[in-house]
Amino acid sequence: MLSVIYNLVCRKDWHKTILGKEGGEIARTLNIWFLKDVQKPCIAGCSGNRPDIMSSGDDQQSRAFAKPTFSEVQASALVESVFGLKVSKIQPLPSYDDQNFHVCIPRTEDATDGPTEYVLKINNTEASKTPDLIEVQSHIIMFLRAAGFPTASVCRTKGDDITSLVSVGSGSEIKSYLVRLLTYLPGRPIAEIPISPQLLYEIGRLAAKLDKTLEKFHHPKLSSLHRENFIWNLKNVPLLEKYLYALGQNQNREIVEQVIQLFKDEIMSKLSHFRECINHGDLNDHNILIESSKSAFRDDVYQVSGILDFDDMSYGYYVFELAITIMYMMIESKNPLQVGGHVLAGFESIIPLTTVERGALFLLVCSRFCQSLVMAAYSCQLHPENKEYLMVTAKTGWKHLQQMFDMGQKAVEEIWFDTAKSYESGISM
C-alpha cells in the first residue's frame, strides 16, 4: 500500500502535520495516512548538503528513481491539502528531472479576478535535499515579478510558507519531495514559431536585463547558489567526462572530447577574468513564452509573456547566460549560425562584453551544446519513457555543433560580430 506522510511547511516547522476532519477525509479517499510528530527525515539524507543532480553519476539506480511518480489523483490531493484549493482539472506537464502538473480550479463567486490555473511543481528526491536552494529560487521568482518581469506568482501554503515537504513511503523505503504551487503563465513557447531577428534581439536583451536586475537581489541563503558540482553550470564542462560512455564510440563523442579539452585549455584560465553574476542558466526555447499582438501596419508582433523554470539557477558569469541563450535559440532556427549575432546585439545593448568574454563566446556555445547533448543521452538511459522530451535538443543539436566545429571559431565569430555591429548603425542583418 502506498503511504504518504505530509510534513507540511518544511521551512519553518518540520513537525506540522495535517490532522483532523480534512486530513482524515483525504486519507480515506486515497489510502493515505498521516503521522503525528514526524521528524525531518534523515533517511533521505537531509542532514548536510547533497551533491547536485547528476553530479557524480556513480549510482544510476538511485538516480533513476529520483524523479517523482505521483498520479493525478495524488497530485490533486496535494493541491487541496497543502494549498487549500479544490481542483477541477489536472494534467501532467513535460519535465526533465521533476514532475509538473497543470492545475485548474473553479472560479468562486467571491473571487472573480483571481487566478484559476496553476502549475504544481514536485521536485525530485535529490533536489528536495536542498531546501535552501529552492527557497532562494522561489524568492528570485517573486523578486523578478516585482521588478516587472513576466514570471509566475508563488503561492503560499495554508501554513503561509512557499514550500511543503511530502514524504512517500512504500514498504521500508521513504522518499521525500518538496512541493510548490505557481500561477500558470499564458503564451506559447518560442520553439513553436519561426523566430525573427528582432525577437532574437529582444531575447538577448531579456537575458541581460534579468542578470543585471539580479545584481540587486539579496537573501540570507544566497550562498546556496554556489553549486560547485552542478553539471549544468558551464564552468563544470569537464565533469561531462563521467557521462561520455552514454554516447558510445562515434564521431559525436570525438567532438565532445575535443570541446572538453579546449575548455580545459582555453576557458578554465579565463574564468577569473569573466564578470560574475547570478544566471538563470536555462533560457531555452521552451522556457520563454510569447504572445502575439496584431498590428494594423505589420504582421504579428510577438512579446515575451513568461519566463519559466528557475531550477538551474546558480552563480556564473554574464557571458555564460549569453552563450546558453544563443545555443538554445539555435536549436529550432533555419539559419542557426545567424542567431548568435542577433542575440549578442540585444545582450550587449544592456551589458557589453569585454574582449576576453567575446573571445570565449564561441567555445562556450559549443560547450553548452555538449552539456545538453551528453546529459540527454545519459538521462535517456535512466528514463527511456521520457525519451521524446529529453531528446528535443538532439534532433538538430548534433548537426549545429558539427557545423560550428567544421567552420571554426574565426568564421563563426565573423558572422556573429558583423551581425551585432550592424545594429549599431540601425541596419540589422
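Tutor: Buried means under 20% relative accessible area, exposed means over 50%, and partly exposed lies in between, with a 1.4 Å probe and protein chains only. This is a predicted model, in which local features need pLDDT of at least 70, side-chain atom pairs count only at pLDDT 80 or more, and totals for chains, interfaces and linings use all residues. Residues are numbered from 1 along each chain as its sequence is written, and side-chain values use heavy atoms, with hydrogens and water left out.

Student: So is E192 buried, exposed or partly exposed?

Tutor: E192 counts as partly exposed, because its relative accessibility is 47%. Its side chain meets that of R188 in a salt bridge at 3.3 Å, N to O, where a salt bridge is a side-chain nitrogen of Lys or Arg within 4 Å of a carboxyl oxygen of Asp or Glu.

Student: And what about R188?

Tutor: R188 is partly exposed as well, at 38% relative accessibility.

Student: How many salt bridges does the structure hold?

Tutor: There are 13 salt bridges. Among them is the pair E257 and R253, whose closest N and O atoms are 3.2 Å apart; E257 is partly exposed at 37% relative accessibility, whereas R253 is buried, with a relative accessible area of 16%.

Student: Which residues are linked in a network of salt bridges?

Tutor: K121, R180 and D311 are linked in such a network.
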